[in-house]
Amino acid sequence: MKRRFVALRWMARDTLLIVLARGLRSFGQGAISVLVAIYLHLLGFNPIQIGLFLSAGLAGAGFYTFAVVFVGDTLGHRRLLIVFALMVAGATLAVTATDSFLLLATAAFVGGFSVAGGGGGPAHRGRGGGARP
């Protein structure tokens, strides 16, 4: 007897896969936030600095969400997606290459590192958060 998620039977297979992928992605992003905090602790940063790092990332994510509203249609979503992806990649390299708190906090803001787990950084916001086709 083959049983599939009975409670989710009303969902098409593709919809179920998208929901599951989004859930796994959110879980992974939340886990990364915890691992980044542990990494910063192992580098010798105190809890206040770690909190400031994560707050800078959250502020950057909020800034990019706000900025996309004003320049998303003007610059084009594809171009923003590419620019944001490059910014996140550069910020990630900066985080792994330095132990200066000021550079780390700047990289967190530029990369839009979100601590919520459901975000996706500025690249996600560049697509309009999935609200548009």
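Just after helix 4, Gly112 takes a positive phi of about 60 degrees, in a model that is predicted. Helix 4 itself spans residues 101–111, and among the elements of the chain this helix has the highest mean pLDDT, 91.

**Helix 4 and its buried face**

- Within helix 4, the buried residues are Leu104, Ala105, Ala107, Ala108 and Gly111.
- Seen down the axis of helix 4, these buried residues fall within an arc of 160 degrees, so they line one face of the helix.
- An α-helix has 3.6 residues a turn, so residues three or four places apart point the same way.
- Leaving aside residues up to four places away in sequence, Ala91 touches Ala107 and Gly111, and also Phe113.

**The nonpolar core and the chain as a whole**

- The largest nonpolar core has 12 residues, among them Ala37, Leu40, Phe45, Ile50, Phe53 and Ala56, together with Ala91, Val95 and Leu104.
- Helix 1 (13–42), helix 2, helix 3 (77–97) and helix 4 each supply at least two residues of this core.
- In soluble globular proteins, nonpolar side chains tend to be buried together.
- Of the 133 residues in the chain, 26% are buried, while the accessible surface comes to about 8,800 Å², with 72% of that area belonging to carbon and sulfur atoms.
- Among contacts in the chain with a separation of 6 or more, 68% are accounted for by residues 24 or more positions apart.

**Confidence of the prediction**

- The chain averages a pLDDT of 80, and 79% of the residues score at least 70.
- Helix 5 (residues 121–126) has the lowest mean pLDDT among the elements of the chain, 51.
- Over residues 125–133 pLDDT stays under 50, and for this stretch the model has 17 contacts beyond four places in sequence.
- Where pLDDT is low, the predicted coordinates should not be read in detail.

Methods:
Residues numbered from 1 in each chain as written. Heavy atoms only, no water. Buried < 20%, exposed > 50% of the residue type's maximum accessible area, 1.4 Å probe, protein only. Helix = DSSP H or I, 4+ residues; strand = E, 2+ residues; numbered from the N terminus. Arc of directions from axis to C-beta. Contact = heavy atoms within 4.5 Å. Areas by Shrake-Rupley, 256 points an atom, 1.4 Å probe, with all protein chains shown as cover. Core = buried A, V, L, I, M, F, W, Y, C linked by side-chain atoms within 4.5 Å. pLDDT = per-residue confidence, 0-100.
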